[in-house]
Amino acid sequence: MSKVSSNFSPRIENRRAWHDFHIEAKIECGMVLVGSEVKSLRNGKGQLAESFARIEHGQLILHGCHIDPYEKAASVNNHEPLRDRVLLVHKRELRRLEDATKTRGTTLIPLAIYFKDGRAKVELGVARGKQQHDKRNAIRQREQDRELRRATMTRR
């Protein structure tokens, strides 16, 4: 008998990252959080819009990730919304990310926050910034695909 995983927690996506960057590789990282942050993320109260990750002193740190304060917690027990958060990866993965980000124009962008087996995970992408003409090409390609799907739907 297979175990069915029922995950009712929301997946917080960074859709802007797919528009602004070429994603070259992805990696799953754990997050070091306090209790009120976990509860707030389970309610879907997080934003990845302006966030990025950086390797500092041998640790992977997530900057600019906004997690709203938990509404039902006392203000003294709540967390700071924009604090830097430590991400958990194996040393070999950290070295691989460090090598990938040494090239100019490459950065680590969080693509999503989700829960896996009750633990908060971040999907990090090794990203290279898109130029304006690359964004236009991507939009043009998306519109062509949409037109093609629409044309094949009407023929049926």
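Which residues does Glu-24 touch, not counting residues up to four places away in sequence? I looked, and the partners are Val-126 and Arg-128. A reminder to myself before going on: this is a predicted model.

**Entry 1: Glu-24**

I placed Glu-24 in strand S2. With a relative accessible area of 46%, Glu-24 is partly exposed, since exposed would need over 50%. I then checked the side chains and found a polar contact between Glu-24 and Arg-128, at 2.5 Å. I also looked up Ala-100, which is 76 residues from Glu-24 along the chain. The C-alpha atoms of Glu-24 and Ala-100 are separated by 9.7 Å.

**Entry 2: the whole chain**

I stepped back to count elements, and the protein chain has four helices and nine strands. Reading along the sequence, I wrote down the pattern β-α-β-α-β-β-β-β-β-α-β-β-α. Of the 156 residues, 33% count as buried. I also looked at contacts between residues at least 6 apart in sequence, and 67% of these join residues at least 24 apart.

**Entry 3: the core**

Which residues have the most contacts inside the largest nonpolar core? My list reads Met-31, Leu-41, Ala-53, Leu-60, Leu-87, Ile-113 and Leu-124, in a core of 22 residues. I then asked which elements supply at least two residues each, and noted strand S2 (21-31), strand S5 (59-63), helix H3 (91-100), strand S8 (106-116) and strand S9 (119-129). S9 gives the most, with four residues.

Leaving aside neighbours within four places in sequence, Ile-113 is in contact with Pro-10, Arg-11, Ile-12, Met-31, Leu-41, Leu-48, Cys-65, Lys-121 and Val-122.

**Entry 4: helix H2**

Next I went to H2, residues 35-42, and found Ser-36, Glu-37, Ser-40 and Leu-41 buried. Why do they lie on the same side of H2? They cover an arc of only 135° around the axis, which puts them there.

I looked up what covers the buried residues of H2, and the cover includes strand S1 (12-13), strand S3 (46-47), strand S6 (66-67), strand S7 (85-88) and S8. Just after H2, I noted that Gly-44 takes a positive phi of about 80°.

**Entry 5: helix H3**

Is Glu-123 buried or exposed? At 16% relative accessibility, Glu-123 counts as buried, and this residue lies in strand S9. The side chain of Glu-123 makes a polar contact with the side chain of Arg-11, at 3.0 Å. Beyond four places in sequence, Glu-123 is in contact with residues including Lys-26, Ile-27, Ile-109 and Tyr-114.

Leu-33 sits in the loop between S2 and H2, and with a relative accessible area of 19%, Leu-33 is buried. Beyond four places in sequence, Leu-33 touches Val-38, Leu-41, Ile-67, Arg-83, Arg-85 and Ala-120. I checked Leu-33 against Ala-120: they are 87 residues apart in sequence and 8.3 Å apart in space, C-alpha to C-alpha.

**Entry 6: rings and backbone**

I searched the whole structure for aromatic pairs and found zero. I did find the charged end of Arg-42 over the ring of Phe-115, 4.1 Å from its centre.

His-57 is in the loop between S4 and S5, and is exposed at a relative accessible area of 85%. Asp-117 lies in the loop between S8 and S9, and counts as exposed at 71% relative accessibility.

Definitions and conventions: Residues are numbered from 1 along each chain as its sequence is written. This is a predicted model: local features need pLDDT of at least 70, side-chain atom pairs count only at pLDDT 80 or more; totals for chains, interfaces and linings use all residues. Side-chain values use heavy atoms; hydrogens and water are left out. A nonpolar core is a set of buried Ala, Val, Leu, Ile, Met, Phe, Trp, Tyr and Cys residues joined through side-chain atoms within 4.5 Å. Buried means under 20% relative accessible area, exposed over 50%, partly exposed in between (1.4 Å probe, protein chains only). Contact means heavy atoms within 4.5 Å. The arc is that of the directions from the helix axis to the C-beta atoms. Rings of Phe, Tyr and Trp (its six-membered ring) pair if their centres lie within 6.5 Å; planes under 30 degrees apart count as stacked, over 60 as edge-to-face and the rest as tilted. A charge sits over a ring if NZ of Lys or CZ of Arg is within 6 Å of the ring centre and within 35 degrees of the ring normal. A polar contact is a pair of N or O atoms within 3.5 Å; within protein, one must be able to donate a hydrogen and the other to accept it, and residues adjacent in sequence count only if both atoms are side-chain atoms.
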